[in-house]
Amino acid sequence: MGPPPGGHLEPEDTTLVGAALRELTEETGVSAEGFAADGPLHIDVHTIPENPAKGEPEHRHIDVRFLFRTGGAVPVTLQEEEVTGYAWRPVESIADETLRARVLAAL
């Protein structure tokens with residue numbers, strides 16, 4: 001399974017959480033009703049390799065992850081050019097131990 005919905009900040013974004021909520025809604029059609037955790041749930045910093053096709057040098061990338069709540073069953077409408085599939089998975093399937101522990105604590 002691929003990464004969770006997300007993307008980059010846009011010029012109109014004024015907060016990180018606002019950008020995360022915008023990306024969630026754009027890519028999945030899911031509307032969040034609130035936050036499951038105060039502030040970012042997890043921050044991951046990693047290196048992105050050089051991509052000559054995009055004219056991008058190697059650079060550091062920062063993922064700021066938020067956990068949102070929804071009410072009951074929600075319809076999912078994928079933005080197929082960004083997201084190729086989805087699955088509702090149990091928390092125990094989250095591979096990153098730190099992220100899994102933080103999701104469990106928030107729930």
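**Fold, salt bridges and surface features of the predicted chain**

From the N terminus on, the elements run α-β-β-β-β-α. Helices (H or I, at least four residues) and strands (E, at least two) are DSSP runs, numbered from the N terminus. The model is predicted: local features need pLDDT of at least 70, side-chain atom pairs count only at pLDDT 80 or more, and totals for chains, interfaces and linings use all residues. Residues are numbered from 1 along each chain as its sequence is written, and side-chain values use heavy atoms, with hydrogens and water left out.

The C-alpha atoms fill a box of roughly 45 × 30 × 30 Å, taken along the principal axes. Of the 107 residues in the chain, 21% are buried. Buried means under 20% relative accessible area, exposed over 50%, and partly exposed in between (1.4 Å probe, protein chains only). Phenylalanine 68 lies in strand E4 (residues 68-69). Phenylalanine 68 counts as buried because its relative accessible area is 18%. From phenylalanine 68 to leucine 9 the separation is 59 residues in sequence and 18 Å in space, C-alpha to C-alpha.

Charged pairs were examined next. Side chains of opposite charge can pair when their charged atoms come close. The structure holds 4 salt bridges. A salt bridge is a side-chain nitrogen of Lys or Arg within 4 Å of a carboxyl oxygen of Asp or Glu. Asp13, Arg22, Glu23 and Glu26 are linked in a network of such bridges. Arginine 22 meets aspartate 13 at 2.8 Å, N to O. Arginine 22 also bridges to glutamate 23, at 3.2 Å, N to O. A salt bridge joins arginine 22 to glutamate 26 as well, at 3.2 Å, N to O. Glutamate 26 and arginine 22 both lie in helix H1 (residues 16-28). They are 4 residues apart, about one turn of the helix.

Arginine 22 has 16% relative accessibility, so it counts as buried. Aspartate 13 is buried, with a relative accessible area of 18%. Glutamate 23 is buried at 8%. Glutamate 26, in contrast, has 39% relative accessibility and therefore counts as partly exposed.

A nonpolar patch on the surface is formed by Ile43, Val45 and Ile62. Together these residues have about 280 Å² of accessible area. Patches are made of residues with over 30% relative accessible area and no salt bridge; like charges are joined within 9 Å, nonpolar side chains (Val, Leu, Ile, Met, Phe, Trp, Tyr) within 5 Å. Areas come from the Shrake-Rupley method with a 1.4 Å probe; for residues, only the protein chains shown count as cover. Valine 45 lies in strand E2 (residues 42-48). Valine 45 is partly exposed, with a relative accessible area of 41%.

The second largest pocket has a volume of about 170 Å³. A pocket, on a 1 Å grid over the protein atoms alone, is an open set of points where a 1.4 Å probe fits, with protein on both sides within 12 Å along at least five of seven lines; lining residues have an atom within 4 Å of a point. The lining consists of His8, Ile48, Pro49, Asn51, Lys54, Glu56, His59 and His61. By class, 2 of these residues are nonpolar, 4 polar and 2 charged.

Note on methods: Grid points are joined across faces, edges and corners, and a volume is the space filled by probe spheres set on the points. Ala, Val, Leu, Ile, Met, Phe, Trp, Tyr, Cys and Pro count as nonpolar, Asp, Glu, Lys and Arg as charged, and the others, Gly among them, as polar.
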